[in-house]
Amino acid sequence: MKKFLVMMIALVLAIGTQAQETVTLVGQVQDVFLKRPLVAKISVYETDSTTCVLDSVRVERIEDVNGDIIIAPYYAPVKAIQHDYLIRAELQGYDVEWLKVSVTNTTEKELAVPLIKMRRARHVTLNEVVVTATKVKMFYRGDTLIYDATAFNMPDGSMLDDLIRQMPGVTMNDGGEIFVNGKKVDELLLNSRSFFGGNKQILLENLPYYTVKHIKVYNKKDKRDEVLGRDDGPKLYVMDVNLKQEYQRGYIANVEGAAGTHGRWLGRMFGLGFTDLYRFTLLGNVNNVNETQHIGKTGNWTPDRRPRSLITTRSVRSEIDYQSRDQMIQETFRTEFVSTSDNQEMRQSREQFLMGSNPLSVTERTVKSSNWKLALENIFTMYVPFYMMINTDFNYGSAMAGPTPCSNNLAKGYG
């Protein structure tokens, strides 16, 4: 009997001692701005923040009838000794927070710890990061300024003029004059060769931007001075448009058409073909909407500059350009046909308010005029064994102004 009592007393003492071996740290986690409880992962570390005492502790989740969290306390049992700990709180979308806790009272079963306030994460961790180098838009190679056309992001349908307007240091006015760093460009070249006798507008408005690789700006010597080795002649400040390799053989074509009410119509086409020795260009424009350029050109589409009449235009231009492999023989043949007609109609009514009568006059006038021209030109140039240039051209045109048969005056008086 005595042995049984001794065992019972020892057991009670052991249970009491076991109950006092741990102290439970009780606390909560809250959003620092929204002031709402959070269910975070709680771990207990030594003060060196590397030795983990408890990897994950129990967290209760108490909700209301709507499913919203009312309170979410955590319970972390630690040894009932005077000791310092670090409590670590982590939750996806929030920065990790640390809280230092000191256990001083070892007789209490639970110890309330301060509230842990968590902030939204200020950074996002990416699974994979791809770093793409930015292309250099312009650079110098000796005295030549080179623009990399592939470094510019252009909308679909853009032409060469849209690309040039985006290039740093380059400006262009409505007449197609180009200035680079304030200096006027004398000629626009295509693959280092003259295009349509230096007509910039044709190339600017019809060559798609995506065909261009580089645009070079430099001072170019005359071909004759280059062959003779002379350096004292005048130089042209040129902009040289160099096409991508895949467009230097084959052809490029653009076709545009439109129709509208009151019998209005428009059609345009541009074709450009290359071989090793030849370059073919065909350009057509027919319309009766007074169209001479693309919509959107700065300063052109204003009411004070709109035509006062209906102009119908029909034009076709072509060029065949030949250059030998050694570039010592060149020949260019150009044709151009342009026909325009101008219809003007005017109606005017006047009424005078006089005592006893109101004279009324009505005037109608119609004027029709038209003109057309045909131009042919052939330029043959040879640089070796001697320099020779033959320029042959033919021009013929006609202009007709119609009568004014519908000019009527009608006067009425009312007493």
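Predicted model: local features only at pLDDT ≥ 70, side-chain atom pairs only at ≥ 80, totals over all residues.
Strands are DSSP runs (E, at least two residues) numbered from the N terminus, and two of them pair if DSSP finds at least two bridges between them. Strands S3 and S9 pair in the antiparallel sense over 5 bridges; Lys41 has Glu90 in S9 as its bridge partner.

Residues are numbered from 1 along each chain as its sequence is written. Local features need pLDDT of at least 70, side-chain atom pairs count only at pLDDT 80 or more, and totals for chains, interfaces and linings use all residues, while side-chain values use heavy atoms, without hydrogens and water.

Two nonpolar cores are listed below, each a set of buried (under 20% relative accessible area, 1.4 Å probe, protein chains only) Ala, Val, Leu, Ile, Met, Phe, Trp, Tyr and Cys residues joined through side-chain atoms within 4.5 Å.

| Core | Size | Residues include |
|---|---|---|
| Largest | 34 residues | Leu160, Met239 |
| Second, separate | 20 residues | Val44, Tyr94, Leu99, Ile116 |

Lys79 lies in strand S8 (residues 74–79). At 58% relative accessibility, Lys79 counts as exposed (over 50%). The C-alpha atoms of Lys79 and Thr24 are separated by 8.6 Å.

Notes:
Helix = DSSP H or I, 4+ residues; strand = E, 2+ residues; numbered from the N terminus.
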